[in-house]
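Subject: Handover of a structure and its findings

Dear colleague,

Please find the structure below, together with its sequence. I would be grateful if you would read the notes that follow with the model open.

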Amino acid sequence: MSPWSQQENQVWSFEDSGCLNNGPEDFGVFASCIQANLGYGSGRQSGLMRDSVPGLMTLKEDWKNTPPGWKGSDPCSDWEGIECTGSRVTSIKLSSMGLEGTLSEEIQNLSELQTLDLSYNKGLIGKLPQSIGNLKKLTNLILVGCSFSGPIPDTIGSLEQLVFLSLNSNKFSGGIPPSIGNLPKLNWLDMADNNLEGPIPVSNGNTSGLDMLLHTKHFHFGKNKLSGEIPEKLFNSSMKLIHVLFESNNLTGKIPSTLGLVQTLEVVRFDRNNLVGKVPSNLNSLTNVSELYLSNNRLSGPVPDITGMNNLAYLDMSNNSFDVSDIPTWFSTLTSLTTLYVSLVIALFHLIMERTKLKGELPVDLFSLPSLQTVVLKNNQVNGTLDIGTTYSNQLQLIDLQYNSITEYKKGLYSDTLILANNPVCQETETGTGTESYCKVSTDSQSDSNSSYTTLPNNCVSSPCHANQISSPNCRCAYPYTGSLEFRAPSFSDLGNKSKYKELEKKLLTSFQSDQLLVDSVALSNPNSEPIYLDLRLKVFPYGRDRFNRTEISEIGFLLSNQTFKPPKYFGPFVFHGDEYENYGETEKSKSSIGIIIGAAAGGSVLVLLLLLVGVYAFRQKRRAERSSEISRPFVLWDANKISAGAPQLKGARWFSYEELAKYTNNFSTANEIGSGGFGKVYRGNLPTGELIAIKKSEKESKQGGREFKTEIELLSRVHHKNLVSLVGFCFENNEQLLIYEYVPNGSLKDSLSGMSIEDPLRILKCTVYYEMLLRMDFSSLVQGYLDPEYYMSQQLTEKSDVYSFGVLMLELITARTPIEKGKYIVREVQKTLDKNQGLYNLHRLLDPSIGLATKLRGFEKYVDLALRCVEEAGSDRPTMSEVVKEIENIMELAGLNPNADSASASASYEEVSKPSSHYSPNNETFYCSGAFPPSQIEPQ
């Protein structure tokens with residue numbers, strides 16, 4: 001977010017703020033002042049005067065079904081899917097919106113546009129305008145799954161900043177524009193699943209070609225009509241390609257030997273073409289290749305020697321015309337191999353089938369390859385005795401040796417699918433072997449391309465849903481965002497392996513939530529590997545309500561379309577095909593980039609201090625001698641239906657029965673659990689009125705005495721503050737202690753800090769540390785911050801979770817950006833850009849220029865190092881909060897500042913807080929922060 005805020009037509013500036021008074025070289029002073037003046041919580045409106053955007057207005061006129069929020073003449077105000085810098089549109093993300101129409105030539109007027117994602121809008125038709133080449137700042141052009149047609153304009157070659165070009169699954173025709181070779185920064189090139197024809201372009205001195213794309217990692221051209229030979233010049237040793245996919249085209253000629261020069265290759269697909277000749281002998285130099293598809297061509301000569309390709313997991317050379325050859329010795333050396341297809345005739349279903357020439361006995365060691373799942377050697381001349389042995393792979397699911405010359409089968413322990421039909425061993429009718437199960441082709445073996453996998457509920461019972469709603473894995477009825485994941489080169493063939501799908505679900509959920517998207521759960525179903533890819537249906541469920549808004553759909557679509565999401569490596573390259581979403585909820589701009597909701601969050605430090613005092617009091621009370629019955633059992637005289645002397649004196653809160661709370665939380669199911677800590681667990685509940693509540697349920701070890709619990713709820717019921725959640729009620733029954741708060745879906749530490757006037761160097765950082773460490777006490781609220789990846793899987797909050805949140809805040813300080821801005825996560829952007837060998841760690845592009853980038857920022861590198869340590873993926877790799885405070889004090893000293901000018905040592909204070917017997921006072925100078933939060937009001941008893 002831009003560090004300007006507009007009030008009464010005046011633009012805020014750093015000069016006016018006084019941030020420059022101490023000199024920009026004092027990084028600590030400058031960073032503190034910047035954060036104090038950002039005011040994130042007050043809104044997103046930029047202070048720069050908005051200009052009209054005629055290009056976008058023309059698009060609005062040309063398209064049908066544009067978002068209903070597209071009103072007024074200022075697209076940069078609050079139009080869904082539109083992001084601006086100042087008055088200029090920089091990003092358009094409108095995936096799965098149901099848009100209809102064409103892309104106007106007026107798109108060229110959006111000269112600052114960097115991202116254009118119109119994916120999954122089948123109603124977008126017509127040609128791409130030539131003027132698209134005038135978008136000189138475009139970095140992402142993503143038009144997946146639309147209905148654009150005609151030739152791809154050669155002006156795309158003018159987009160020299162382009163990094164991601166994905167035009168797949170449209171109706172484009174004509175040839176591949178040679179000008180694409182002029183894109184020096186291109187990383188991803190996907191034109192698959194179109195009607196492209198003609199030769200593969202390479203440079204010739206007068207024109208450009210794909211051979212010039214030395215930094216591109218992905219060539220995806222499958223399912224087109226490309227023809228001609230694959231040019232020798234297409235590949236060279238300077239390339240960084242990892243995926244080369246040309247499957248299902250009309251390519252002819254030989255596989256070029258230059259392919260073997262691209263040592264970075266991992267996936268190669270030339271299957272389903274008309275290639276001829278020998279496979280290049282240097283193919284086995286591609287030692288990083290894990291998937292190799294050469295099937296359904298007319299390749300000849302000896303079966304290629306691929307000795308040394310030890311990373312190979314999937315090999316398909318079926319349906320070619322190789323020479324007669326013995327079973328290769330390398331069959332037993334490919335230790336990573338999962339799938340082997342060397343069936344060398346046309347298809348089994350044809351009546352006339354050419355016999356093949358692979359002969360000899362299969363070595364027993366072949367079946368012992370540790371990752372082997374499938375062996376298909378149909379229609380060869382495999383003979384002799386089949387011995388699978390006793391040490392075969394425990395993943396081996398299918399051995400298909402139909403139409404060979406096997407005369408004997410040495411039975412062992414193998415019990416999965418074995419097919420020996422149409423071998424001599426199955427024609428010995430007089431011995432009865434022809435009736436064995438392996439002599440039959442079962443229906444199951446013919447449908448191995450399908451699996452019935454479906455994501456199951458997470459320890460809950462699905463309830464009936466309204467029309468068109470679907471029960472999520474967490475048993476909540478909602479309208480999910482749906483689509484298909486298409487994996488173009490998976491390295492496994494066992495579609496019934498549930499563990500792989502579960503790992504994919506875990507990766508998807510972590511990716512969504514790491515990008516701060518409000519996703520509750522994901523579900524996969526209907527794996528299908530026909531005809532040539534692995535397809536999976538995907539459902540993405542919203543968090544905290546029953547539907548997504550348009551902004552959230554566009555962000556989810558973008559995460560999948562621009563390959564931000566990385567599946568487990570064995571799934572290989574993928575593309576997502578999103579369905580149109582028809583059940584939008586209201587778009588709330590303030591919610592589009594917030595973190596995962598934690599219902600028990602509380603926003604202000606005053607309440608935390610009060611809770612802390614109550615907690616310390618309770619802790620001491622537990623260590624005193626037992627009191628009288630009245631003290632130890634303060635509710636003994638209290639009737640829930642009337643107020644008596646023994647009842648707690650409540651202001652607005654009420655008593656709940658344990659039975660009620662169990663009902664509201666589905667019997668405290670794990671699906672309703674939204675947090676945990678030293679005090680116990682927090683559950684989300686639904687009142688009969690539809691109101692959401694957060695229920696803090698104390699564990700046995702953290703329960704207070706009855707009197708202390710009464711004191712706590714009385715105090716909480718009387719505290720009123722605009723930043724604090726309200727106490728709804730409590731339960732003290734069957735030795736259970738529960739507190740019920742209002743459920744708060746937003747509000748954060750950032751909101752509390754906005755508008756603070758900080759005078760001392762780095763005081764805002766120190767105040768934030770105090771805030772964070774106080775919240776970690778057992779009696780406190782949970783921080784609704786920017787959650788670390790470990791939380792999404794463990795649902796456990798620890799001190800290291802707060803360290804991660806604090807690290808994100810530190811990055812906000814130096815970039816003047818919110819954690820999610822323009823669809824990019826600040827942590828990921830800093831990590832990708834960082835280069836410690838460059839000045840300012842090469843972060844110039846991300847940093848707020850107003851901190852004085854032209855001068856030496858003392859302590860800057862150590863500051864960035866600390867922030868990145870705080871946001872390490874693994875909590876064990878992050879520092880403790882006390883270590884963070886000590887390092888901040890060191891940075892202040894390095895910048896020539898006195899960290900103890902007006903307060904006691906923060907690090908020492910933090911270590912003291914960790915001791916249960918410590919005392920704290922809201923007035924203690926150690927915890928005093930200039931420009932503190934507004935005072936709370938406590939009603940008298």
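A residue is called buried if its relative accessible area is under 20%, exposed if over 50%, and partly exposed in between, using a 1.4 Å probe and protein chains only. By that rule cysteine 731, with a relative accessible area of 0%, is buried. Cysteine 146 is buried as well, at 2%.

The model is predicted: local features need a pLDDT of at least 70, side-chain atom pairs count only at pLDDT 80 or more, and totals for chains, interfaces and linings use all residues. Residues are numbered from 1 along each chain as its sequence is written, and side-chain values use heavy atoms, with hydrogens and water left out.

Disulfides

A disulfide is a pair of cysteine sulfur atoms within 2.5 Å.

Helices (H or I, at least four residues) and strands (E, at least two) are DSSP runs, numbered from the N terminus. Cysteine 426 and cysteine 439 are both buried.

Cysteine 460 is joined to cysteine 475, with an S to S distance of 2.0 Å. This link is right-handed, with 90° about the S-S bond. Cysteine 460 lies in the loop between H5 and strand S31 (470-471), while cysteine 475 lies in the loop between S31 and strand S32 (477-478), so the pair ties together parts 15 residues apart in sequence. Cysteine 460 counts as buried at 14% relative accessibility, and cysteine 475 is buried at 12%.

Cysteine 465 is joined to cysteine 477, again with an S to S distance of 2.0 Å. The torsion here is about -80°, so the disulfide is left-handed. Cysteine 465 lies in the loop between H5 and S31 and cysteine 477 in strand S32, so parts twelve residues apart in sequence are tied together. Are these two cysteines buried or partly exposed? Cysteine 465 is partly exposed at 27%, and cysteine 477 is partly exposed at 22%.

Aromatic rings

The structure holds 21 aromatic pairs. Rings of Phe, Tyr and Trp (its six-membered ring) pair if their centres lie within 6.5 Å; planes under 30 degrees apart count as stacked, over 60 as edge-to-face and the rest as tilted.

The rings of phenylalanine 487 and phenylalanine 571 have centres 4.7 Å apart and planes at 45°, so this pair is tilted. Phenylalanine 487 lies in strand S33 (residues 481-487) and phenylalanine 571 in the loop between helix H7 (550-561) and strand S36 (574-578), so the pair ties together parts 84 residues apart in sequence. Both phenylalanines are buried.

Phenylalanine 487 also pairs with phenylalanine 574, with centres 6.1 Å apart and planes at 40°, so this pair is tilted. Phenylalanine 574 lies in strand S36, so this pair ties together parts 87 residues apart in sequence. Phenylalanine 574 is buried.

Elsewhere, ring pairs link Tyr120, Tyr481, Phe548, Phe576, Tyr581 and Tyr584 into a cluster.

Yours sincerely
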